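Student: Hi, I'm new to this one, so please show me around.

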Amino acid sequence: MKRLVLIGLVLTGILAATGATAQTPFALSNLGQKIETGDARMAGRGGWGMAVRDSVNPGFKNLAGLSAIRQVAVSLSGYGVGTDSEDAAGTRSVTRVMAPDFRLAAPVMKGQLAVTAGFRMDRSFRYDTSHVLTSYVRGDTLRGFEEFHRRGTIFSVPLGVAWEALPGLSLGASVNLVRGSVSESLYEIFLSPATSTGSPFYQPVQQIQKDTFEGTSSTWSALYRWSDRVSVGVSYTPAYDIDADRLRTINGLTARWTQPWKMRMPDEIQTGLQARVIGRWWVGADYSVQAFSEFEGPQKWLDEGMEDETRLSLGVERMLGHQRRGGSSNWPVRFGFAQHRWAYRVGGEPIDESIWSAGTGFPFSGRLGVLDLALSYSKVGDLEKNGLEDSVWKMAVTVTGLERWW
Amino acid sequence: MSHRTESAKTPGGRHVLPVVVLAVALLALVLGACSSDDTNPVGGALVDVELEALADTLDVNDVLEYRGFPISDPDLSLAEHQVLYLGEQGGNASSILVRFDLDELQEMAQEREIPLEAFSVHDSVNVSIRMYIVQNFLLEDTAADSTVSRSDRFLWHSSFQVFEVDDDVDFAAFPGDEPATGALVNLYPSEIEEGRTSVEIDFDPALFEQWLVAGGTRTFLIREGEGSGPGLTGYASKNLRFGGSTLAPTADTATVGPIFKIELKQLDEFLNLEARNDVSTFHATSETPTSVSDGFILRTGLRSYPVLQFDFADLPEDAFINRATISVYNDTTRAWGTLTSLVVSEFDTDYLAAQGDTLTLDDLGNAVNAITIASNVDPRTENRLEFNVTTAVQRMINGAYSGSRAFLISPPEEFTPSYYLAGLGPEFYFNQFTFYGSGESEILRRPRMKITYSLVEPIGGAK
């Protein structure tokens with residue numbers, strides 16, 4: 001019961017904070033920002049987790065690893081993000097809170113077969129920008145501002161199964177229902193000239209373009225436990241189509257257009273390895289690549305330049321200790337580094353992101369769940385190359401609860 | 001890694017975890033509450049699309065369709081109007097028909113125990129028709145001068161002629177030709193003192209006694225006499241319901257319409273015989289121009305409203321209308337009347353009848369959707385009128401309607417409920433705005449539409 005109260009408390013805190021706005025200006029264009037899924041445990045050690053097969057703190061990055069679970073597992077992850085952005089126009093600091101990942105897994109045959117479902121945010125489009133607007137028309141000097149908002153996400157609902165086919169070899173498969181939307185709103189507001197009652201002479205323009213997405217992908221994965229010291233994992237998501245419907249409106253109902261279009265998301269391969277070095281110390285690495293050079297979609301995006309999206313994650317973890325009266329020496333310690341190249345270019349150059357992270361965790365009593373924390377700092381883009389640069393502090397928190405529901 | 005561990009004790013102690021959880025929740029709340037600083041230009045370089053703000057302006061001088069519609073009100077005949085008009089103005093001419101029932105006067109005398117012989121002492125009897133002035137037209141040179149008192153602004157008819165006409169005249173047949181006149185029956189010329197707020201037309205007491213003795217009804221036509229000042233003057237009819245607000249404070253609002261006013265000096269008695277019927281003849285009404293190049297009019301009283309449809313052919317596709325105005329130019333030298341509010345409405349062109357056809361108020365109500373109003377416009381002093389029709393043009397060019405729309409200019413009517421106030425309806429006063437047409441040599445006086453628009457391109461990242 002106490003555990004549920006704690007989970008509820010964290011959940012309440014995260015949901016209460018979702019009104020925050022803005023993340024990175026890079027999300028203003030193209031496919032937006034890829035949201036690194038996974039829990040705070042993985043985030044603390046740089047992101048590696050493809051080779052995790054853990055019954056106490058299950059990882060959902062490689063579904064094959066869920067075959068180990070013996071109890072129902074619920075995992076909720078949330079992020080608090082503070083971003084300082086700089087470009088030629090100046091600087092801006094923004095904060096945001098989001099809950100991009102919620103997972104559930106249930107054993108069918110304890111330690112051998114499990115099913116899983118959840119919600120996973122894949123890409124996020126969220127930023128707004130504005131500038132002062134001055135126009136001259138018919139002898140009037142119009143003053144106001146122009147504002148552009150981009151908001152939305154592409155998320156997926158993975159429905160999967162994990163099975164330990166052979167001792168040490170687990171397989172996983174999932175069908176991912178891909179959904180989402182992105183709206184792009186452009187406002188031009190002319191505050192003056194105005195009537196004596198303050199009503200502007202000139203009508204503001206509000207143009208909204210909303211794309212809704214729908215697609216289905218599948219992911220196939222495997223995890224092989226070479227020994228108690230070494231595991232490897234791999235997953236493959238074949239290329240798939242996302243159907244989009246565009247609705248464009250100008251000032252509400254005065255003009256509406258709809259237009260269907262399509263984009264093809266390329267293959268994605270993820271691999272990972274983890275090994276115990278000594279005692280409770282482990283090292284691990286993941287590498288993923290999604291060939292956005294083969295992306296098919298809006299010509300405007302292609303013209304901006306697409307890149308193969310890659311991510312290399314390296315990290316170290318001192319596992320949870322259980323020494324009686326061990327105190328803080330029992331705490332897990334994690335730190336890592338990741339190098340991420342985004343799926344598209346800005347300013348004609350690739351966007352590179354470097355991430356340094358650290359984290360720890362707190363198990364619930366009775367081994368029935370874990371609360372993990374991670375803090376990371378990352379640098380996104382380069383002012384000279386991309387004309388824009390971000391410094392991002394992110395705190396991740398994941399609550400994983402285990403329950404014997406049957 | 002296989003962590004089927006056996007530890008039973010929380011490493012950090014029993015109290016660490018709740019404290020951490022609370023801290024995390026609090027941090028999440030704080031981050032959310034901090035949200036973000038204000039939007040600024042950072043990131044704007046990545047948005048390579050923008051509206052071409054107020055890209056251009058378009059002056060639409062071509063009127064595609066025009067109608068000048070006489071409007072009829074089947075529920076209110078001219079004989080039920082509250083104001084009677086006398087005189088000539090801008091091609092309109094009207095006399096006043098009144099009918100009195102002398103039997104009523106006999107009964108009145110009996111009730112007050114006044115013998116009929118009292119009417120025969122002619123040198124001690126005064127008889128006149130009294131009419132209260134409701135509307136007169138301000139003298140041009142004093143209209144804008146607030147120091148000139150209201151009464152001094154009146155332009156008087158200096159004389160009146162009253163003729164007896166056949167008693168079977170149908171008052172419901174007007175507007176129409178004046179009936180054939182009989183003898184002139186008033187004392188003529190009947191000079192009216194300037195500055196009065198009512199007129200009294202005197203009669204020969206001997207003649208009046210004959211009418212009284214004969215009894216029955218008598219019908220009279222009141223017409224302008226020679227030397228009268230130009231212009232129409234409005235008088236209170238027996239139907240006037242707004243005497244308190246439209247008549248001078250000294251008026252006897254108990255009997256606002258035309259009356260025979262009889263003074264019996266010997267008995268120190270006054271008798272007021274109210275008209276049984278009254279009506280303006282409007283035996284001549286100005287022609288509504290049939291071509292917009294010749295101008296157009298907006299007339300209240302006997303309603304005539306213009307409908308104009310502008311040509312949007314030169315407006316680019318994907319234009320967003322930031323501002324659209326209709327401007328019309330009133331020729332103050334050919335307009336008259338009281339302060340009038342003007343409403344511009346969308347007009348469904350499915351209701352465009354042929355030029356000269358009459359529309360009923362109900363037809364008009366079905367055809368229009370009010371957009372905007374210009375309040376309290378003085379037809380004698382205000383020439384350039386501009387109406388903001390932005391939202392209507394947005395609807396028209398963006399296909400919000402299946403058919404096409406024009407613009408109707410009218411005073412507030414019941415079918416423009418946003419702007420209509422119960423009270424003096426548009427039939428009350430006989431006002432007229434006379435607008436320059438599209439053939440006017442000075443472009444600024446022509447009816448035209450000014451449009452300011454933005455070109456709208458697809459926005460955002462995708463094609």
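**Strands and sheets**

Student: Which residue does F163(B) stand opposite in β10(B)?
Tutor: F163(B) faces L221(B) there. Residues are counted from 1 along each chain as its sequence is written, while chains get letters from A and ligands numbers from 1 in the order in which they are written. You're looking at a predicted model, where local features need pLDDT of at least 70, side-chain atom pairs count only at pLDDT 80 or more, and totals for chains, interfaces and linings use all residues; side-chain values use heavy atoms, with hydrogens and water left out.

Student: Okay! How many bridges join β7 to β10 of chain B?
Tutor: Six bridges join β7 (160-165) to β10 (217-224) of chain B, and the two run antiparallel. Strands (E, at least two residues) and helices (H or I, at least four) are DSSP runs, numbered from the N terminus, and two strands pair if DSSP finds at least two bridges between them.

Student: What order do the strands of that open sheet have?
Tutor: The five strands go β8-β7-β10-β5-β14 in chain B, with antiparallel pairing. The edges are β8 (181-184) and β14 (277-280), each pairing on one side only. From one strand to the next, the twist averages 30 degrees.

Student: Which helix lies across β5 and β10 of chain B?
Tutor: That's α2 (102-111) of chain B, at about 45 degrees to β5(B). Angles run from 0 to 180 degrees between N-to-C directions of axes fitted to C-alpha atoms, for helices over the stretch in contact; contact means heavy atoms within 4.5 Å.

Student: Switching to chain A: how many residues are in the hairpin of β2(A) and β3(A)?
Tutor: Two residues join them. β2(A) (72-87) and β3(A) (90-109) run antiparallel with 14 bridges, and S85(A) has R92(A) as its bridge partner. Next, β3(A) pairs with β4(A) (113-137), also antiparallel, over eight bridges. Three residues sit between β3(A) and β4(A), and G111(A) in that hairpin takes a positive phi near 80 degrees.

Student: What does R92(A) sit over?
Tutor: Its charged end is over the ring of Y127(A), 5.0 Å from the centre. To count, CZ of Arg or NZ of Lys must be within 6 Å of the ring centre and within 35 degrees of the ring normal. R323(B) likewise lies over the face of F201(A), at 4.6 Å from the ring centre.

Student: Are W261(A) and W301(A) buried or exposed?
Tutor: Both are buried. Buried is under 20% relative accessible area, exposed over 50%, partly exposed in between (1.4 Å probe, protein chains only).

Student: Which residues touch the most other members in the largest nonpolar core?
Tutor: Of its 49 residues, F347(B), V389(B), F407(B), M449(B) and I451(B) do. Strand β17 (319-329) of chain B gives the largest share, five residues. A core is a set of buried Ala, Val, Leu, Ile, Met, Phe, Trp, Tyr and Cys residues joined through side-chain atoms within 4.5 Å. A second, separate core of 40 residues includes M98(A) and F125(A).
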